Amino acid sequence: MTRGNPCQLPGMLPNYDPNDSEAGMKILEDLTENVEQIQQRVLEEIITRNARTDYLKGFLDGQFDKQVFKKTVPVVNYEDIKPYIERIANGDSSNIISAEPIIELLTSSGTSGGQPKMMPSTAEDLHRKTFFYNLLVPVMTKYVDGLDEGKAMYLLFVKPETKTPSGLMARPVLTSYYKSNNFKNRPFNRFNVYTSPDETILCSDSKQSMYCQLLCGLVQRQEVLRVGAVFASAFLRAIKFLEHNWKELCSNTRTGHVSDWITDPGCRKVVSLVLNKPRPELADLIEHECNSKSWEGIIKKLWPRTKYIEVIVTGSMAQYVSTLEYYSGGIPLVSTMYASSECYFGINFKPLSKPWDVSYTLIPNMAYFEFLPVKKKNEDGAQYVQCNGVCTENCMEKETEKEDVETVELVDVKLGQYYELVVTTFTGLYRYRVGDILMVTGFHNKAPQFRFVHRRNVVLSIDTDKTSEEDLLKAVTKAKVIVESLGILLIEYTSYADTSSIPGHYVLFWELTSKGNNHLPVLDPKIMEQCCSTVEESLDSVYRRCRRKDNSIGPLEIRVVQHGTFDALMDFCVSQGSSVNQYKTPRCIKSGEAINILDSRVVARFFSQKAPFWEPV
Ligand code: AMP
């Protein structure tokens, strides 16, 4: 490694020993000092490699120049590249977009036409991800001592996968990574020793996987120095699972025998080895803690050496911070990274900062980054609405819909400004709009740092689901047909993500009236429950998977409100600064006060009685 030349391996990846934190730190310094040069080289390398692909050939006409690239290659959305992805899924050669063979398609939590978007992935890309994960080690060890003196209880899960007609695997990015040799045959790294044996992570039955990982984590509780899951929602799901299953987990610990319903042979074998013998004293201790009336601080009590909880609590996950703080007993919450199916983007260089202050530094050899400037809605000085990572009405102007807006390079972004992220990856995405809105908060060396503000067009999110206003309208439109056929009209509706219990669930507030007489109709619970189910059936496949397969979203609820409730909501919004003339009912509510206005006028509540249909695409 020499200064100024941090990327010697193919694909701009430096070569170093991940056990060597000092070398890791030096690489990070090099990457963040030489942002401009690295970004230039990344783009050159991507163009040089891929200029002959059908996609780029059409725009570049054999020219390898950056200016030509930026002038002729359009900034695109998924819909623009979908035909190419579909051709690959159906058997066309992957070199229509990428010179490197595409070995699988990564199913994103963003959807198109109700189905997950699919992102290309190459063999080299797995190495890029490994490189990125390895960079987290020097950052954490800089701030937290002694991480090599114990284990991590990371609850990691695989999700269902399927094959495209051409035989390519289609699966979520983390499932792809955990099943890869890069993960399974990872070289020993003393900072990354997990309590969960790989067999328990790779078990496709999520209930068995969760049970076995928690059992292994409890048995090794004295060795655990950090706990976590990828997203806050998944970690809270694990706490709820523990609440429901601690007696059985204690009984297994006491007897040294794994419950018979753990039938996955890999899991049974490894968990029996970890459990090893009857441990009555440990069982008594866990029982004592779990039996306590309050579970406040339960993490600290069960895993007393825990130095931090590693979970993403930025973006839509910010809604879980207070619940996590309740369970954590004051242990810091650490969001280490910002990544997606398209590409891994950035690292949090100040991991112990408070969730609201977290920023990510984009790592310049991951992709070529560009930024579409986004304006705040009310340029006249109205405050930007803190939106917990999902878009609220009036949050942002749709400035970026304009075709002629020019992108800004990574080194040219300005402090305090908002941008939408656009990436050109090593895997066949060119000037692709990720859909995330970021704000520049500062710089690490020459690398800008970004706060994740929200995802474009997302109004509701509980887990990895991302429901837009349009998705919601479509689903409500289908459901309201049911009541309309009975002479009942839906006058107004709005929604909110209720995370007061785990798992959280979608709530719709409906104001209904009888056709003709303007009275609140008599409601048949069966019909209303059918409305709830119809909304759920009409939402996209990621929602339905979370709800049906992962159980990470609870049954959707419709709360019917009194007449005049939406007038009261309008009065409230106007009192908060909305213009009367331009007022539109917000389709999603975040403000506690507004929710109280609605909740205090609820006359009936109905829940979906069955999980919606879902199968892998
Ligand atoms: P997926 O494509 O399903 O992997 O989802 C990727 C998306 O998840 C990103 O584009 C973001 O919208 C969101 N995301 C990922 N990491 C973070 C993070 N650290 N903070 C907030 N949102 C995140």
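Residues are in contact when they have heavy atoms within 4.5 Å of each other. The model discussed here is a predicted one.

Q: By that cut-off, which residues does Ile85 touch, leaving aside those up to four places away in sequence?
A: Ile85 touches Tyr78, Ile97, Leu105, Met118 and Pro120. Ile85 itself is a residue of helix α5, which covers residues 78–89.

Q: How do you know whether Ile85 counts as buried or exposed?
A: Buried means under 20% relative accessible area, and exposed means over 50%. Ile85 has a relative accessibility of 1%, so it counts as buried.

Q: How far apart in space are Ile85 and Gly329?
A: Their C-alpha atoms are 46 Å apart, and 244 residues separate the two in sequence.

Q: What makes a set of residues a nonpolar core, and which residues have the most contacts inside the largest one?
A: The set must consist of buried residues of the nonpolar kinds counted for a core, joined through side-chain atoms within 4.5 Å. The largest such core here has 86 residues, and Phe235, Ile299 and Trp510 have the most contacts inside it. Helix α11 (residues 232–255) gives the largest share of this core, 11 residues. Another core, of 72 residues, lies apart from it and includes Met12, Leu105, Tyr344 and Phe349.

Q: Where is Val602, and which residues does it touch?
A: Val602 is in strand β21, residues 602–607. Not counting residues up to four places away in sequence, Val602 touches Phe509, Arg559, Val560 and Val561. Val602 and Val560 are 42 residues apart along the chain, with their C-alpha atoms separated by 5.6 Å.

Q: What makes the phi of Arg431 worth a remark?
A: Arg431 is not a glycine, yet its phi is positive, at about 55 degrees. Arg431 sits in the loop between β15 (418–424) and β16 (432–444).

Q: How do you know whether Arg431 is buried or exposed?
A: The relative accessible area of Arg431 is 5%, and the limit for buried is under 20%, so Arg431 is buried.

Q: What is the phi of Asn551, and where is this residue found?
A: Asn551 has a positive phi of about 50 degrees, although it is not a glycine. Asn551 is found in the loop between α18 (541–548) and β20 (557–561).

Q: Which kind of peptide bond joins Ile502 and Pro503?
A: The bond is cis, with omega at about -5 degrees. Pro503 belongs to the loop between β18 (488–498) and β19 (505–514).

Q: Why are α16 and α17 called roughly antiparallel?
A: Angles over 145 degrees count as roughly antiparallel. The axes of α16 (residues 469–484) and α17 (residues 525–538) come within 8 Å and cross at roughly 155 degrees. The two helices are therefore roughly antiparallel. Their crossing is right-handed.

Q: Which residues make the contact of α16 with α17?
A: From α16 come Ala475, Lys478, Ala479, Ile482 and Val483. From α17 come Ile527, Met528, Gln530, Cys531, Thr534, Val535 and Ser538. By class, eight are nonpolar, three polar and one charged.

Q: What makes α1 roughly perpendicular to α6?
A: The axes of α1 (residues 21–33) and α6 (residues 123–143) come within 9 Å and cross at roughly 105 degrees. The range for roughly perpendicular is 65 to 115 degrees, so this pair is classed that way. The contact is made by residues including Met25 and Leu28 of α1, and Phe131 and Leu135 of α6. It has nine nonpolar, three polar and one charged residues.

Q: Why is α19 called roughly antiparallel to α20?
A: Helix α19 (residues 565–575) and helix α20 (residues 592–599) pack at an angle of about 160 degrees, with axes 9 Å apart. That angle is over 145 degrees, so α19 is roughly antiparallel to α20. The crossing of α19 and α20 is right-handed. Thr565, Ala568, Leu569 and Phe572 of α19 meet Glu593, Ala594, Ile597 and Leu598 of α20. These residues divide into six nonpolar, one polar and one charged.

How values were computed
Residues are numbered from 1 along each chain as its sequence is written. This is a predicted model: local features need pLDDT of at least 70, side-chain atom pairs count only at pLDDT 80 or more; totals for chains, interfaces and linings use all residues. Side-chain values use heavy atoms; hydrogens and water are left out. Buried means under 20% relative accessible area, exposed over 50%, partly exposed in between (1.4 Å probe, protein chains only). Helices (H or I, at least four residues) and strands (E, at least two) are DSSP runs, numbered from the N terminus. Axes are lines fitted to C-alpha atoms, for helices over the stretch in contact, and angles run from 0 to 180 degrees between N-to-C directions. Angles under 35 degrees count as roughly parallel, over 145 as roughly antiparallel, 65 to 115 as roughly perpendicular and the rest as oblique. A crossing is left-handed if the near helix is turned anticlockwise from the far one by less than a right angle, and right-handed if clockwise. Ala, Val, Leu, Ile, Met, Phe, Trp, Tyr, Cys and Pro count as nonpolar, Asp, Glu, Lys and Arg as charged, and the others, Gly among them, as polar.
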